[in-house]
Amino acid sequence: MNLGRHSITATAPVHIFDARFDPDCKIFTTSTPAGFAVYRTYPLKLIRTRELSGGTLTTVVPYNTSNILFLVGGGRSPLYPPNKVVFWDDALGAEVAELEFRERVRGLACRRGWLAVALRRRVVVFQIGEQVTRYAEWDTCDNPKGLLAMATAGYSTLLTIAGRQLGHVQLVHLPPCAPPASTGPPPSSPPRKPPPPPAKHPVSIIAAHTTALTTLSVPPSGRLLATTSSRGTLVRIWDSLTGKLVREFRRGTDKADIYGVAFRPDEQELCVWSDKGTVHVFTLVTSGATNRQSTFSPLTPFLPLPKYFDSEWSYAQYRIPTQSSHITISAPASRSPTADIPDEERCVVGWIDVPHSNESGQEKGTDYQLIALTYVGGWYRLSLPQHGSSSRSSSPANAVSSSPPRVSALQHRPSNVSSASGRDKGKEKEQDKEGKESRECALQEFRRFGRWDGWG
């Protein structure tokens with residue numbers, strides 16, 4: 001009998017080339033071999049799809065709440081040349097403009113009225129109005145990942161790009177971002193005034209790391225900056241105005257490829273995810289939940305201990321399951337040797353507001369929760385532990401929809417443990433287990449996305 005590990009799905013597996021949230025995490029876009037789609041983040045709902053034949057896309061970036069999307073071709077058979085940024089009007093279902101460069105486009109970032117394009121060794125910024133005009137460009141060090149990040153809140157100015165030296169970050173201040181247009185009735189309060197200009201000239205260079213950068217992240221306000229390096233062990237938080245190091249968090253001790261960092265909208269927490277398949281949550285404030293630290297950390301001011309013992313570790317985490325952990329009798333479908341293979345560990349994470357109500361059904365406010373999108377079509381809604389400063393966690397047994405892949409380890413318990421020392425060890429193990437469970441995010445809902453042929 002063949003009891004090998006195989007995929008559980010009878011249909012072709014979902015392969016996501018690109019998935020990303022808009023700045024407010026209200027919607028997200030995804031590109032697959034069949035085309036691209038736009039989803040509402042929560043509750044998960046397919047808003048629109050566009051099936052494209054003749055090639056694939058590696059980047060689909062929504063331009064605010066308009067019908068415009070920025071498309072970049074890629075993969076084994078690109079739909080568009082990889083050196084072009086195509087402006088797609090989904091209301092017309094056609095391309096309306098394009099930007100062509102002499103080399104492959106590495107990354108995109110946008111806000112109202114602006115688009116930044118990252119190339120291998122430079123970043124070009126365009127102003128978008130009645131016409132698309134070239135605003136300026138800046139040289140960078142070798143930037144194969146196309147790292148850049150842009151603040152998107154009203155009156156924000158920050159654009160962060162790779163510096164000219166390895167591990168450095170350039171902070172560019174563009175003209176203030178226009179506030180969003182009001183769609184409802186006029187507010188009773190007067191409109192918000194733009195903030196006064198800073199008293200001191202903002203810093204323009206931050207020597208963030210000694211190795212190559214892997215991520216750049218800013219909140220919508222642009223007040224903070226998060227950086228990670230190729231070592232993948234530390235996350236550093238900087239004040240974008242003064243350039244000073246605010247906090248330093250430790251993801252782990254082993255090397256990892258950090259995929260992204262996301263700030264909570266109120267800038268009180270942030271989450272980090274990597275190729276280890278684990279999402280880590282850190283707090284930036286002193287009230288509420290506290291990050292974990294070594295038991296030797298109180299001694300660091302008095303003893304010359306390594307910096308490791310003063311590190312701050314995540315107070316909550318969640319391990320993204322993988323589909324390959326399933327066992328089934330059916331054999332997997334044959335795969336072409338030239339086909340793209342999805343990375344089950346790859347994901348992207350964002351923050352959402354979820355309203356909660358009391359026993360009578362009246363809303364009592366909102367909780368911050370996490371949405372994790374995997375590149376094999378998994379949609380996870382996670383709540384933080386009860387002691388967190390943002391969310392009330394309910395029982396994981398209330399998770400909605402189908403269950404995600406997971407492996408249950410069989411534990412062997414000896415039957416002849418009768419000594420007091422054995423009971424003490426058992427209590428210690430139970431306490432350790434309870435402490436670990438209290439740090440786990442709770443899975444509230446799991447669904448699938450990326451397929452619009454009826455099997456989603």
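Student: Which residue in E29 is the bridge partner of Ala372?

Tutor: Quick note before we start: this is a predicted model, where local features need pLDDT of at least 70, side-chain atom pairs count only at pLDDT 80 or more, and totals for chains, interfaces and linings use all residues. Residues are numbered from 1 along each chain as its sequence is written, and side-chain values use heavy atoms, leaving out hydrogens and water. Strands here are DSSP runs of E with at least two residues, numbered from the N terminus, and two of them pair if DSSP finds at least two bridges between them. Strand E28 (residues 363-374) and strand E29 (residues 378-383) pair in the antiparallel sense over four bridges, and in E29 the partner of Ala372 is Tyr380.

Student: In what order do the four strands form the open sheet?

Tutor: The pairing is antiparallel. Strand E27 (347-357) and strand E30 (442-448) are the edge strands, each pairing on one side only. The order is E27-E28-E29-E30.

Student: What relative accessible area does Phe28 have?

Tutor: Buried means under 20% relative accessible area, exposed over 50%, partly exposed in between (1.4 Å probe, protein chains only). Phe28 counts as buried, because its value is 0%.
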